[in-house]
Amino acid sequence: MKARAFTPLLVGALVTQRLLELRHARQNERLARQAGATEHGRGHYPAIVLLHAAWLAGLLLEGRQSSQPINKPALATALALQVLRYKVMNDLGVYWNTRILIWPGAKRVEKGTYKFIRHPNYWVVMAELYVVPQIVQAHKTSLIGGTLNLLLLHFIRIPAEEKALRNYDQQA
């Protein structure tokens with residue numbers, strides 16, 4: 001299949017997936033807030049949303065211009081990343097969210113993927129933003145979106161989460 005024909009299907013699937021995940025995140029956010037959770041890093045959240053929306057737009061626009069066939073190894077890698085994505089979400093359970101919410105009295109999650117690596121969700125997202133565009137030969141979107149996401153996570157998001165967790169650990 002050609003990338004230009006596959007691109008709308010891919011973007012449609014990603015948008016549907018992300019919207020369903022946001023609905024799930026909102027449910028978990030309600031539970032967290034009812035339990036007295038506090039939010040950290042709220043100021044950078046719009047930048048994350050904007051980056052992901054721009055990445056999807058870039059994926060659609062660039063992928064629709066490609067006359068190349070889809071990259072099957074990239075597709076297989078992206079599908080494997082989806083399995084890992086849902087494993088991480090399952091490991092976090094009700095704590096999984098798109099925001100940094102610290103629940104009072106909760107223990108840090110140290111099971112599953114969290115036994116082996118810190119912030120596995122962010123590693124999966126970083127890989128996705130580089131790999132998924134490769135499926136439809138959207139190399140600029142991969143490079144620009146993936147790199148901007150990496151910088152946002154490395155310099156802003158992960159430090160904000162680490163600070164919130166450190167403060168929580170000191171209070172506990």
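In this predicted model, the side chains of Glu128 and Arg18 meet in a salt bridge, with an N to O distance of 3.3 Å. Glu128 belongs to helix 4 (residues 120–135) and Arg18 to helix 1 (residues 3–34), so the contact ties together parts that are 110 residues apart in sequence. Both partners are shielded: Glu128 is buried at a relative accessible area of 1%, and Arg18 counts as buried at 16%.

This pair is one of eleven salt bridges found in a search of the whole structure. Within helix 1, Glu29 takes part in two others. Glu29 meets Arg26 at 3.6 Å, N to O, the two residues being three apart in the helix, about one turn. Glu29 also meets Arg33 at 2.9 Å, N to O; here the spacing is four residues, again about one helical turn. Glu29 itself is buried, with 12% relative accessibility, whereas Arg26 is partly exposed at 31% and Arg33 is partly exposed at 34%. These three residues belong to a network of salt bridges that also links Glu39, Arg42 and Arg99.

Arg99 leads on to the aromatic residues. The charged end of Arg99 sits over the ring of Tyr45, 3.9 Å from the ring centre.

A search of the whole structure finds one aromatic pair. Tyr95 and Trp103 form this pair in an edge-to-face arrangement, with 4.9 Å centre to centre and 85 degrees between the planes. The angle is over 60 degrees, so the pair counts as edge-to-face. Tyr95 is partly exposed at 33% relative accessibility, while Trp103 is buried, with a relative accessible area of 15%.

Technical notes
Residues numbered from 1 in each chain as written. Predicted model: local features only at pLDDT ≥ 70, side-chain atom pairs only at ≥ 80, totals over all residues. Heavy atoms only, no water. Phe/Tyr/Trp six-rings, centres within 6.5 Å; stacked < 30°, edge-to-face > 60°. Buried < 20%, exposed > 50% of the residue type's maximum accessible area, 1.4 Å probe, protein only. Lys NZ or Arg CZ within 6 Å of the ring centre and 35° of its normal. Salt bridge = Lys/Arg side-chain N within 4 Å of Asp/Glu carboxyl O.
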